[in-house]
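Reader: I would like to learn how to read a fold summary and a helix pair. Please take one feature at a time.

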Amino acid sequence: MTQFGRALLALNIDIICANSPQAKGRIERAFGTLQDRMVKELRLAGVSSIAAANAWLPGFITAYNTRFGRDPANAKDLHRPLAPADDLDEILAWREERTVTRNLTLHYDRMMLLLEPTSLARGLVRKKVEVVNYPDGRFAVQFNGAALGFKVFDKIQTVQPGTIVDNKRLAAVLEQVKAQAARRRPPNNLEAPGLPSKGRAPRHAAAAALA
């Protein structure tokens with residue numbers, strides 16, 4: 001199941017596919033507007049930054065709806081309000097499953113997460129847990145909705161002399177240190193929070209954009 005499908009399932013929303021030529025044409029026309037007409041309008045308006053685009057967008061929407069909008073055949077608002085139990089921060093977060101190792105560690109986005117050795121965590125060896133990546137940069141580890149305490153060990157960082165590591169975790173940490181190599185890589189969640197690694201630009205491109 002995709003992230004989009006999972007979120008709709010949690011909100012009790014059915015996906016209706018555009019299986020008719022009329023429905024497909026309607027959405028393709030909208031895509032054409034966003035990918036062609038709006039891009040040209042931005043250029044004509046001299047917009048060259050995200051902040052300027054955000055300030056310009058409400059006027060474009062109003063003008064576009066005035067020109068092309070049509071009154072619906074049924075004016076009744078059929079939108080369903082959110083239920084009290086619907087937590088959009090949790091539902092719309094990016095979620096990925098990971099397997100807990102015998103050392104109570106799991107790997108996510110080139111990082112090793114060290115679970116706190118609680119009674120719950122000890123019972124999760126070889127079981128699946130969810131790493132939850134929130135849009136604001138926070139991320140958490142959960143099992144059946146229960147949060148698990150953890151620490152982050154960045155697999156790319158070098159362990160400094162004198163760093164104290166729990167003997168039970170030493171083998172896992174040494175394994176990660178041994179696997180390190182000087183190489184280019186996209187930034188991980190700590191360096192570019194809020195976006196899964198699949199959607200990030202390479203690290204050197206991100207550095208160039210910041211410069």
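Reader: What share of the contacts in the protein chain with a separation of 6 or more comes from residues 24 or more positions apart?

Author: This is a predicted model. In the protein chain, residues 24 or more positions apart account for 60% of the contacts with a separation of 6 or more.

Reader: How many helices and strands does the protein chain have?

Author: The protein chain has 7 helices and 7 strands. Their order along the sequence is α-α-α-α-β-β-β-α-β-β-β-β-α-α.

Reader: Which residues make a nonpolar surface patch?

Author: Ile-27, Phe-31 and Leu-34 make one of about 260 Å². Leu-34 belongs to helix 2, residues 21-44.

Reader: How are two packed helices described?

Author: By the angle between their axes and the distance between the axes. Here helix 2 packs against helix 3, residues 50-68, at an angle of about 115°, and the axes are 11 Å apart. The crossing is right-handed.

Reader: Which residues of helix 2 and helix 3 meet?

Author: Helix 2 contributes Thr-33, Arg-37, Met-38, Glu-41 and Leu-42. Their partners in helix 3 include Trp-56, Phe-60 and Tyr-64.

Methods
Residues are numbered from 1 along each chain as its sequence is written. This is a predicted model: local features need pLDDT of at least 70, side-chain atom pairs count only at pLDDT 80 or more; totals for chains, interfaces and linings use all residues. Side-chain values use heavy atoms; hydrogens and water are left out. Helices (H or I, at least four residues) and strands (E, at least two) are DSSP runs, numbered from the N terminus. Contact means heavy atoms within 4.5 Å. Patches are made of residues with over 30% relative accessible area and no salt bridge: like charges are joined within 9 Å, nonpolar side chains (Val, Leu, Ile, Met, Phe, Trp, Tyr) within 5 Å. Accessible areas come from the Shrake-Rupley method with a 1.4 Å probe; for residues, only the protein chains shown count as cover. A salt bridge is a side-chain nitrogen of Lys or Arg within 4 Å of a carboxyl oxygen of Asp or Glu. Axes are lines fitted to C-alpha atoms, for helices over the stretch in contact, and angles run from 0 to 180 degrees between N-to-C directions. A crossing is left-handed if the near helix is turned anticlockwise from the far one by less than a right angle, and right-handed if clockwise.
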